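Here are my notes for your first look at this fold. Keep the picture open beside them as you read.

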Amino acid sequence: MLCYCGSAIQFNDCCNTYLSGANAAPNAEALMRSRFSAFCLKDPEYLLATLHKDARAKESKKALIRSFGNTEWRSLKVIRSQQGKSAQQTAEVEFAAFYLEGDAGGQLHERSRFIFEEGRWFYVDGDILPPISLTRNEPCWCGSGRKLKKCHPE
């Protein structure tokens, strides 16, 4: 099975190595991709473990589970990934994550911030951005493998 994160790599060789705890994500983009996979799998433990301690105090496992609701995360598009060059290792990853909620499709476009502490990357927070537009010839957001124009043309 290909990984949920859209890497075109087998799940067991991609995000599952981080979700299982076998390895820590080597960079912020890998962490962001693995967090997307954790949302697909509705894995609150991994999401909380990879959330920065300052933000973790504000997030509860119950609230996270409630947020899963009937949302089905379908695909991920990484737009930009930028590593900081300061003594404090920080990074930003901009992405669009596409989902189904009931019969309606939706999108989360975010610029996320990450920090490297204690030998690991952590998600700090993010800015929600306006939705992106996909071109008709891009793969469909639903994960069907077909082009947008032949799958969800609206």
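1. Let us begin with a term: a nonpolar core is a set of buried Ala, Val, Leu, Ile, Met, Phe, Trp, Tyr and Cys residues joined through side-chain atoms within 4.5 Å. Here buried means under 20% relative accessible area, with exposed over 50% and partly exposed in between (1.4 Å probe, protein chains only). The largest such core has 32 residues, and Cys15, Leu76 and Phe114 have the most contacts inside it.

2. Before going on, a word on where this comes from. The model is predicted: local features need pLDDT of at least 70 and side-chain atom pairs count only at pLDDT 80 or more, while totals for chains, interfaces and linings use all residues. Residues are numbered from 1 along each chain as its sequence is written, and side-chain values use heavy atoms, leaving out hydrogens and water.

3. (Helices, H or I of at least four residues, and strands, E of at least two, are DSSP runs numbered from the N terminus.) Leucine 76 touches Met32, Arg33 and Phe36, among others; contact means heavy atoms within 4.5 Å.

4. Now the sheet. Four strands form an open, antiparallel sheet in the order S1-S2-S3-S4; two strands pair if DSSP finds at least two bridges between them. Strand S1 (71-83) and strand S4 (120-129) each have a single partner strand, so one side of each is left without a neighbour in the sheet. On average, neighbouring strands are turned by 30° against each other, direction ignored.

5. Look next at the pairings. S2 (residues 90-101) and S3 (residues 104-117) are joined antiparallel over 12 bridges, and phenylalanine 98 stands opposite glutamine 107 in S3. Helix H2 (residues 28-41) packs on this sheet, touching S1, S2, S3 and S4, and its direction makes about 175° with that of S1. Such axes are lines fitted to C-alpha atoms, for helices over the stretch in contact, with angles from 0 to 180 degrees between N-to-C directions.

6. S3 and S4 also run antiparallel, with nine bridges; phenylalanine 114 has tyrosine 123 in S4 as its bridge partner. These two strands form a hairpin with two residues between them, and glutamate 118 in the turn has a positive phi of about 50°.

7. Finally, the rings. Phe36, Phe39, Phe68, Trp73 and Tyr99 are linked by ring pairs into a cluster. Rings of Phe, Tyr and Trp (its six-membered ring) pair if their centres lie within 6.5 Å; planes under 30 degrees apart count as stacked, over 60 as edge-to-face and the rest as tilted.

Terms used. Lists of a residue's contacts leave out its neighbours within four places in sequence.
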